[in-house]
Amino acid sequence: MDNSHSKTPFLIGVAGGTASGKSTVCQKIMEQLGQADVSDSLRKVVTIAQDSFYKQLSPEESKKAAKGQYDFDHPNALDIDLVVQTLQDVLEGRKTEVPVYDYISNSRIEGQFVTVYPADVVLFEGILAFYFPQVRDMFHMKLFVDTDPDTRLARRVVRDVQERGRDLDTVLNQYMKFVKPAFEEFCLPTKKFADVIIPRGADNTVAISLIVQHIKDLLTTRNLNNEIDIQHGKLSSKKIVKEQLSRPH
Ligand SMILES: Nc1ncnc2c1ncn2[C@@H]1O[C@H](COP(=O)(O)OP(=O)(O)O)[C@@H](O)[C@H]1O
Ligand SMILES: Nc1ccn([C@@H]2O[C@H](COP(=O)(O)O)[C@@H](O)[C@H]2O)c(=O)n1
């Protein structure tokens with residue numbers, strides 16, 4: 001079966017500190033593009049999280065991670081080759097499989113993957129989304145979610161304790177030892193690569209509406225260009241427009 005999509009998706013990178021609201025902003029963008037309740041195989045807007053690409057840990061590293069003593073915020077913690085391969089597949093319109101990550105065991109769930117189907121808009125979000133030049137250069141648009149550090153720490157504590165099964169001491173030690181210094185060394189300096197900085201994250205409804213309108217304008221222009229191509233008899237573009245019309249908005 002040919003799983004390739006005839007068109008390059010619009011690839012958006014979303015960076016920002018831990019708990020700045022990156023995934024919430026992506027969710028809002030998907031909702032405003034009318035994609036929140038569309039089934040996976042039909043959706044035209046997809047979000048991929050950088051967290052799916054953490055390297056597998058050795059038994060020794062796993063023990064450290066369980067005590068909050070493993071540095072998940074350093075660029076070396078990521079399987080960057082897999083990120084690049086995945087985004088290349090996405091850009092070339094191929095269906096791809098992304099590992100499912102479990103924050104309780106600090107590892108990928110063996111044998112479990114999420115299928116990412118070819119889409120029109122793909123968001124990739126993570127603290128280091130702009131850190132690696134080979135990844136950064138793939139994005140057509142780069143957003144940096146800029147949320148006050150105290151707010152981020154407060155949210156992170158609640159999230160890690162309530163959703164990731166961590167105790168308060170471990171969360172705070174990990175934050176002071178790894179998360180905060182790595183944010184300052186690896187994440188914050190990448191803000192300069194952003195096309196749009198979103199202060200206050202998902203609370204910034206004006207910024208999100210403007211971004212969504214821009215995406216809609218780009219998609220409309222592209223579709224119009226495809227229609228013009230059809231009038232010039234380019235069969236491949238005709239196929240694209242037919243696909244777009246037959247997929248839900
Ligand atoms: N604007 C907001 N107001 C209140 N809580 C928020 C807001 N944005 C995010 N959160 C909460 O903060 C936590 C982290 O948000 P999330 O979007 O997952 O951040 P990130 O993807 O940057 O780690 C989540 O529990 C989320 O529900
Ligand atoms: N097993 C793990 C993996 C990652 N983390 C932390 O997640 C943060 C990045 O995710 P955000 O959604 O907050 O951007 C990062 O700061 C890691 O410290 C973890 O605690 N455990």
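These are my notes on the two ligands in this structure.

**Setting up.** I am working with a predicted model, where local features need pLDDT of at least 70, side-chain atom pairs count only at pLDDT 80 or more, and totals for chains, interfaces and linings use all residues. Residues are numbered from 1 along each chain as written, chains are lettered from A and ligands numbered from 1 in written order, and side-chain values use heavy atoms, without hydrogens or water.

**Ligand 2.** I looked up its shell, meaning residues with a heavy atom within 4 Å. I found 17 residues, and the closest are Thr-18, Lys-22, Asp-73, Asn-106 and Arg-156. Next I checked polar contacts (pairs of N or O atoms within 3.5 Å). The side chain of Lys-22 has an N or O atom 2.7 Å from an oxygen atom of ligand 2. For the side chain of Gln-174, I noted 3.2 Å to an oxygen atom of the ligand. The protein covers 97% of the 470 Å² of accessible area that ligand 2 has on its own (Shrake-Rupley method, 1.4 Å probe). Helix 5 (149-162) and helix 6 (168-187) each supply at least two shell residues; helices here are DSSP runs (H or I) of at least four residues, numbered from the N terminus.

**Ligand 1.** I read off its neighbours, among them Gly-17, Glu-125 and Asp-203. A polar side-chain atom of Thr-24 lies 2.5 Å from an oxygen atom of ligand 1. The side chain of Arg-155 has an N or O atom 3.4 Å from a nitrogen atom of ligand 1.

Note on methods:
Polar contact = N/O pair within 3.5 Å; in protein donor to acceptor, adjacent residues only side chain to side chain.
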